[in-house]
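Try each task before you read its solution.

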Amino acid sequence: MGRYVIRRLLQMIPVFFGATLLIFLMVNVMGDPIAGLCGDRQCDPATAAQLEKEFGLDKPVWQQYLTYMGNVFTGDFGTAFNGQPVTELMASAFPVTIRLTIVAILFEIVIGISLGVVTGLKRGRPVDTTVLLLTLVVLSVPTFVTGLLVQLLLGVKWGWIKPAVSPEATFSELIVPGLVLASVSLAYVTRLTRTSIAENKRADYVRTAVAKGLPRHRVISRHLLRNSLIPVVTFIGADIGALMGGAIVTERIFNIHGVGYQLYQGIVRQNTQTVVGFVTILVLIFLLANLLVDLLYAVLDPRIRYA
Amino acid sequence: MPEPEPFEPLESYGEEGRAIASTGAGGASDLATAEAETLEQRPSVDAAEEAAGGPEGAGPDKKARSLWSDAWHDLRRNPVFIISGLIILFLVVISIWPSLIASGDPLDCDLSKAQEGSQPGHPFGFNGQGCDVYTRTVYGARTSVSVGVLATLGVAILGSILGGLAGFFGGAWDGFLSRITDVFFAIPVVLGGLVLLSVVTSSTVWPVIGFMVLLGWPQISRIARGSVITAKQHDYVQAARALGASNSRMMLRHITPNAVAPVIVVATIALGTYISLEATLSYLGVGLKPPTVSWGIDISSASPYIRNAPHMLLWPAGALAITVLAFIMLGDAVRDALDPKLR
Amino acid sequence: MLLEVRDLHVEFHTRDGVAKAVNGVNYSVDAGETLAVLGESGSGKSVTAQAVMGILDIPPGKISAGEILFQGQDLLKLKEEERRKVRGAKMAMIFQDALSSLNPVISVGDQLGEMFQVHKGMSRKDSKAKAIELMDRVRIPAAKERVGQYPHQFSGGMRQRIMIAMALALEPELIIADEPTTALDVTVQAQVMDLLAELQRELNMGLILITHDLGVVADVADKIAVMYAGRIVEQAPVHEIYKAPAHPYTRGLLDSIPRLDQKGQELYAIKGLPPNLLAIPPGCAFNPRCPMAQDVCRTDEPPLYDVTESPVPRASACHFWKECLHG
């Protein structure tokens, strides 16, 4: 078990540096980092050259990356386009997006898994077909269209929610945006659970459990569910990182000032420091979530624990 | 899939599990990835069939059919396959000859009619610039479908070559490639798209396709690697190796035909996702740009007016959703046909 | 009589049609008796057993006719909840592949103890003590230390012992063992089989042993039922069937056992393939493969003739059983 965790941790190191380097290169090579630094005005050549020197932009890219990473490890993420330190932006943006993600994950777990279990057990019945069709509809409509329509119907036409989320972004305000953010993954969790349940339902050990004379609910909850949820747990864990990164669209629709909003601003204003800083944290969260999944895996599956 | 492959060391279990790591592409591509999982595990099919407690050995003639002809036999009778196939056929036809069903010009607009609703000759109404929504929706198919098809082709070719070679030869190259795919999985797709495409000024479809191939190949690569490793373990491949078959012969004759099924399934489902992703990027302002006619552009340009003139958004969005749905259903049907475990 | 299966019919509704897996099976087992059910895969021997246990997948399976009398009571008329209480407590089943039949993510002790928790309402602690006791009983060394381990940590033989322990947990009256040793090494096979036979004697249980291995049968069975295409084609006491089979199919099975005294000769094999259950041949189902087949075999389905010649009854479903028995 210990060795398993250590190996996973070691594997994360190159991924962390690889991913941050990749995004660093993308931002630096493709964009013009100086352009963003002069605010909305055009930089004059002299200032530009001075700024380049000041930020070490005249050095080779790999040196810039190392310098940047060195700063990051001392907690210095640089400054955003408006002169605020990037860390301050993070402090205001991450709590919002984390709340949004928690709401989304809860939807995935509660609704996704329940629907998956029901449909998996009733494969081929009307309830299965109906839910399956619904998941297909959700999957085939892009999230931003779903979001716009939900906002139009619930927020504008029927007035059940406020169409835009206030700067405080409390949990209750985030329920609908969280559902929109979760929608695609929710449909996916349903399908994954369904497939997994339907497959494991025929497993030999389930037959054994029935032959032992266990009540149906015990066969399902103790024998079938635990095995079937292993792939689902993996997905949901990995989805944590993806949801936070993918919140750009949802945050834009509902005007939520979270990570996605800040990233969008950073990209539009070509502010390298903001973009790379936020993405670095996102990659870190993604990796930590994956580690969590690995640990959970080991808890759920003894074959991993004792490998 | 709680049972690991008998030949795979246990640690690969974690890797397999990670093959369904979310890509952040909006999820549906994750769908594609993991739904191919079941296909990779095919060697245990016989055991599973027996475990099903069904009629033991339903008859000799059943075994004789190959996987593909068996699947085709199934598909021909599957209404989901027929419907999605017909939709896709229709889309391809109107992508090539849009004038068959739309006589107008998508760029012929009359500002005085902006945002007007349905009227004779213009069933879908007009958009914000006063262009005919019906004509634009028909003409948009070409861009959306070609982005989807080309991106999928690129991803499938690049991903299966890299992944297939890694799975076949193993060793250091495999380890390196696995880490590279990990790196790509760690970057949310929409975010990568924003960063990469925000500086592109070209109005052709190529930057968008290039970006999709760049960030999409690891997904297929992982699937291809997994299925090649599985195929490699089949007894007859081992036998061929023992008989001294050359590497290239083994890859082409024995492994490729067996490893290609999961790739096809994932690629089909992913195709729908790419169409959807193009629209999302357009909504964020970094996808295709006018004067290109695409559903993504029309949906995003209609989005500010959704309260007053929802028809401008609903028609192209509906067309897009039906297209994506058709590809997902097609992939689903093919997967079910190729996966006897779920029968 | 402990268990009597009467005229049991089971069919499976598949996409390709109705597969008739069991077509009128009759057999019975008494306390302390061992019935061996013999046949190729597809003969319906496992399906019959699953019907008795009540673990058939319904649908696609369907019991279309028949009775299963257990201690005089028709199990098919019981409500599901009453039926469940019979399973595990009064009749238990041992499966072929212990690795896949045991839950991979639950410790062996918990899987054994579960029987006591569910059927006897015991506490977790007491049931764990019971689990250790059971593991001792099936001679798993260091039971106390291993009770918390998982199935993949045991060897094949040990896993099958755990399956046996699980079946014996509540000292049922009837045990159904579905190819209990097929997945094991030859050396381990004998140990596991001996253990099973010994415990059966000790507890005076009825045992239905499903197998395709005639070698296993000779040592432990009292009587044999040979199945083909969902029917019993021959039923007889074990020593008589070895001496003189009364059905050409049984003869074929016996002749295909390799024997040391026939070294150098070509091994006999029954020609042809088992029948397609979607289209069982008319007449005697075995006729396309039978060396003795006449025209009547292709048209008339043979009844199960009484062919008793000794005090113990025996039966054969062959029009030419006399020729077979004495030929």
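**Exercise 1.** Work out how helix 9 and helix 11 of chain B sit against each other in this predicted model.

*Solution.* Start with handedness: helix 9 of chain B and helix 11 of chain B make a left-handed crossing. Next, look at who touches whom. Helix 9 of chain B brings Leu177(B), Thr181(B), Phe184(B) and Phe185(B), while helix 11 of chain B brings Leu215(B), Pro218(B), Ser221(B) and Arg222(B). Sort that contact by class and you get 5 nonpolar, 2 polar and 1 charged residues. Now for the geometry: helix 9 covers residues 171-185 of chain B and helix 11 covers residues 206-232, with an angle of about 130 degrees between them and axes 9 Å apart. Angles from 65 to 115 degrees would be roughly perpendicular and those over 145 roughly antiparallel, so this pair of chain B helices counts as oblique.

**Exercise 2.** Sum up the make-up of chain B: how many helices and strands are there in it?

*Solution.* Count the elements and you find 15 helices and 0 strands in chain B. Then check burial: of the 343 residues in chain B, 54% are buried. Finally, take the contacts in chain B between residues at least 6 apart in sequence; 74% of them join residues at least 24 apart.

**Exercise 3.** Describe the side of chain C that touches chain A.

*Solution.* Begin with the head count: chain C puts 24 residues into the contact, and chain A puts in 19 residues. On the chain C side, helix 2 (80-86), helix 3 (98-101) and helix 4 (108-120) each supply at least two residues. Helix 4 of chain C gives the largest share, 4 residues. By class, the chain C side splits into 12 nonpolar, 7 polar and 5 charged residues.

Key: Residues are numbered from 1 along each chain as its sequence is written. Chains are lettered from A and ligands numbered from 1 in the order in which they are written. This is a predicted model: local features need pLDDT of at least 70, side-chain atom pairs count only at pLDDT 80 or more; totals for chains, interfaces and linings use all residues. Two residues are in contact if their C-beta atoms, placed from the backbone, lie within 7 Å. Ala, Val, Leu, Ile, Met, Phe, Trp, Tyr, Cys and Pro count as nonpolar, Asp, Glu, Lys and Arg as charged, and the others, Gly among them, as polar. Axes are lines fitted to C-alpha atoms, for helices over the stretch in contact, and angles run from 0 to 180 degrees between N-to-C directions. Angles under 35 degrees count as roughly parallel, over 145 as roughly antiparallel, 65 to 115 as roughly perpendicular and the rest as oblique. A crossing is left-handed if the near helix is turned anticlockwise from the far one by less than a right angle, and right-handed if clockwise. A residue is buried if 20 or more other C-beta atoms lie within 10 Å of its own, exposed if 12 or fewer, and partly exposed in between; C-beta atoms are placed from the backbone.
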